[in-house]
Amino acid sequence: MAVRKTKHEMPEQSPKKRIKNFKEVPYGYDKETSIEEAKRCLQCKNKPCMDGCPVEIDIPGFIKCIAEGDFDKAAEVVKDKNSLPAVSGRVCPYENQCEGVCTLKKIGEPVAIGRLERFIADYEREKGAKIPKKAKSTGKKVAIVGSGPAGLTCAGDLAKMGHAVTVFEALHAPGGVLMYGIPEFRLPKKIVNSEVNYIKKLGVEVRYDMVIGKTITVDELFEEYDAVFIGTGAGLPRWLKIPGENLDGVYSANEFLTRVNMMGAYRFPECDTPVKIGKIVATFGAGNVAMDCARTSLRLGAEKSYIIYRRSDVEMPARNEEIEHAREEGVVFKLLTNPVKFIGDDKGLLTQVECIKMKLGEPDDSGRRRPIPIPDSEETIKIDTALVAIGQSPNPLIPQTVKGLKMGKWRNIDTDEDGRTSIPGLFAGGDIATGAATVILAMGAGKRSARAINKYIKSKK
Amino acid sequence: MYKILEKKVMSETVKLMKIKAPIVAKKAQAGQFIILRIDDKGERIPLTIADFDRKKGTITIIFMEVGKTTKQLGTLKVGDSLENFAGPLGMPSEIKKYGTVVCIGGGVGIAPLYPIVKALKEAGNHVVSILGARNEKLLLLEKEIESFSDEFYIATDDGSKGHKGFVSDVLQEQIDKKEKIDMVMAIGPVIMMKVVADLTRKYDIKTLVSLNPIMVDGTGMCGGCRVSIGGETKFACVDGPEFDGHLVDFENLMLRNRRFIKEEEESCRLAGV
Ligand SMILES: Cc1cc2nc3c(=O)[nH]c(=O)nc-3n(C[C@H](O)[C@H](O)[C@H](O)COP(=O)(O)OP(=O)(O)OC[C@H]3O[C@@H](n4cnc5c(N)ncnc54)[C@H](O)[C@@H]3O)c2cc1C
Ligand SMILES: Cc1cc2nc3c(=O)[nH]c(=O)nc-3n(C[C@H](O)[C@H](O)[C@H](O)COP(=O)(O)OP(=O)(O)OC[C@H]3O[C@@H](n4cnc5c(N)ncnc54)[C@H](O)[C@@H]3O)c2cc1C
Ligand code: SF4
Ligand code: SF4
Ligand code: FES
């Protein structure tokens, strides 16, 4: 029988309906579709897909179990390497990871590995996740700073190795960007919470309101813990640095998304934190964060939602799926357009943005073609809300308070491949080490650090 | 959970609470603040650390009931608990021997001034305190602040106590009278801090103010608390809350603090507070 060349479709909410709610957009595969999709896998001997997975999931292994209808076994295989599969199955850029190197791509579309991972994670969650056997307690203690995907993965793996692990989180909720950044309609918070609960069931303690560097310092953590892992992310918003950026109506993507997601402003006044959204919203930038802002705006009732980006569509850093979803929902893309100033009324309320048209020149350091302003091409666009989503830098709180910590070029913490910093016993991984990247790279870093920490602790005695 | 151990009514709209939070108390310093959340659906609001007791593990907060969260907080009783209480946040005040310092507190800004007055006195400064309020009933911590001050003045808008008029009038008198003032610290309504800064600029007196922009996380992540200082954007929660008063763009702060007024009113109306 010839192999089907395309992935099985995943049903989703229609654009017209979904822009009126915050419910998840795709519904996920059902059992039958999952089995059919799993049967497309060729079970390649050399397992190229696994090289594309930063958390080393035995991909053909779990897909084979699905094809045979043994979902429990499939879940076990996935969970063996990945403690947060319901998260990665939804937001992992698998097109550049596992699916990007799948053998089936030679004849058509790859196996829908991400969707299958999501199916199996949801199947297991609904059934009630099994807690794996833990290694014997080692009597050693590890502190994890930050409960984003890097910290959670590192914590889960270390707990499985038998160490006593405590996660210190500055905010009142776990998950990092998974909770405050990525919107409900892409990653329901119920799912993040249940993945965190799984990590807790492995024996990990999570403590909130712990701003490390302020409430407790890293040095103090070393008085009690044998090793410390820093996974504090890239939370510092970047600005356009143009006039008018402090007008009423201009938000950083982080403030906007945090108000809506973590503080529940979309349920205001049931939740106490407000957010104000105008009729015409412009989001600056074209990454995942920008798509999330533009789509959230529509759901909050904006009549028009622009993406304003200084390069062209081929350079947009967001995942294709996100761009596609945004387009379907009616987000208007204004490409090769760069803001030069925000304009407000006499009360300081944002009313317009002045932009200039751009053209593309030679490639720059990033390998992308450099945008160049076209003289006399200014235009003003009427807007009442601006969301600045042009990237984040590593959070400076920890680096500022740890003496002798070697830093990298971009104010990131300098580490080796396994997360070792310049200070023995201090490890770091995820966005704080690499600069803003992806969930799965953060998880992969957490995993490698867990192994290195285990080795370090055992060698220390 | 963080338990309320003590509660005191300071004036009609101002209340004091002592909260059990040993790890915060261990690190707290004058000039820093905490962020609290009453319950699961609550907003995160910043309040200054008005006092702390490291031995007992308590933090004192003094707050004015201005909106939904502070009014709800005011209804809580001794024995009740708060869901979240994170801190100490922000940079501590720079406490050292300046010489003669004038500490000015207006309205609920008197509360955060108290630990600073205390610390400045203990550092060997000659402390002149000026407290201001709309009327006598709204004054706070008079005795406490007076006991750490070398000179002590009061100004009320209606003249019900002390000088009739503004704290800046008293400051002007002090500037005229004194040989030298080495530093002025002003905490209170934005407009008060602006007037004080405008006055001291003329005499080139170093002036620190403590800013109160709207905050969300308090860790430098959201940028909602950004203020413009000498044309540069700073985050009050990590770079502040104290800044050089001569460099602050007060107009912008006033504007940004009005961002959610309509929504806040709606929230109060629906909650019936
Ligand atoms: C809106 C948005 C959408 C995104 N969409 C995608 C996507 O679709 N796919 C994808 O792969 N990636 C996406 N990303 C990127 C991805 O979320 C990040 O790369 C990833 O979350 C980084 O993980 P992390 O664990 O390093 O840090 P974070 O997730 O940033 O977590 C860091 C945690 O540390 C805490 N912390 C910070 N400082 C301290 C301190 N001093 N003490 C204690 N705790 C502290 C923070 O509160 C936070 O909880 C998106 C990012 C954003 C903002
Ligand atoms: C560093 C700092 C220290 C502070 N210390 C004190 C203090 O010691 N005592 C005191 O009474 N007040 C203090 N404030 C102000 C206090 O945080 C606000 O009054 C409180 O958040 C109002 O919340 P609400 O829901 O009751 O009122 P709302 O109805 O939400 O708002 C009333 C007013 O408070 C301001 N406000 C609203 N939300 C916030 C927020 N999240 N952060 C800051 N301001 C906000 C707005 O400008 C608004 O005009 C401080 C603020 C900051 C930033
Ligand atoms: S975690 Fe990402 S890379 Fe790994 S199998 Fe899942 S989707 Fe693929
Ligand atoms: S590369 Fe593709 S087809 Fe081959 S084993 Fe992996 S998922 Fe299956
Ligand atoms: S409160 Fe969010 S950055 Fe200061």
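In which loop of chain A is Glu56(A) found? The model is predicted, and in it Glu56(A) sits in the loop between α3 (48-51) and α4 (59-67) of chain A. Glu56(A) is not a glycine, yet its phi is positive, near 65°. With a relative accessible area of 23%, Glu56(A) counts as partly exposed, because residues are called buried under 20% and exposed over 50%.

Asp209(A) also has a positive phi, about 60°, and is not a glycine. Its loop runs between β3 (205-207) and α11 (218-224) of chain A. Asp209(A) has a relative accessible area of 4% and is therefore buried, the cut-off being under 20%.

| Cis peptide bond | Omega |
|---|---|
| Gly87(B) to Pro88(B) | near -5° |
| Gly240(B) to Pro241(B) | about 10° |

Pro88(B) belongs to strand β8 (residues 84-89) of chain B. Pro241(B) is in the loop between α7 (236-239) and β17 (242-244) of chain B.

Now for chain A as a whole. Its secondary structure consists of 17 helices and 16 strands. The C-alpha trace spans about 70 × 65 × 50 Å along its principal axes. The radius of gyration of chain A is 23 Å, which agrees with the value near 23 Å for a compact globule of 461 residues. Of the 461 residues in chain A, 59% are buried. Among contacts between residues at least 6 apart in sequence, 69% join residues at least 24 apart. Chain A exposes about 19,200 Å², and carbon and sulfur atoms supply 51% of that area. Chain A carries 72 positive and 62 negative charges, whose mean positions are 3 Å apart.

Note on methods:
Residues numbered from 1 in each chain as written. Chains lettered and ligands numbered in written order. Predicted model: local features only at pLDDT ≥ 70, side-chain atom pairs only at ≥ 80, totals over all residues. Heavy atoms only, no water. Helix = DSSP H or I, 4+ residues; strand = E, 2+ residues; numbered from the N terminus. Rg over C-alpha atoms; globule rule 2.2 N^0.38 Å. Buried < 20%, exposed > 50% of the residue type's maximum accessible area, 1.4 Å probe, protein only. Contact = heavy atoms within 4.5 Å. Areas by Shrake-Rupley, 256 points an atom, 1.4 Å probe, with all protein chains shown as cover. Lys, Arg positive; Asp, Glu negative; His and termini not counted. Charge placed at Lys NZ, Arg CZ, Asp CG, Glu CD.
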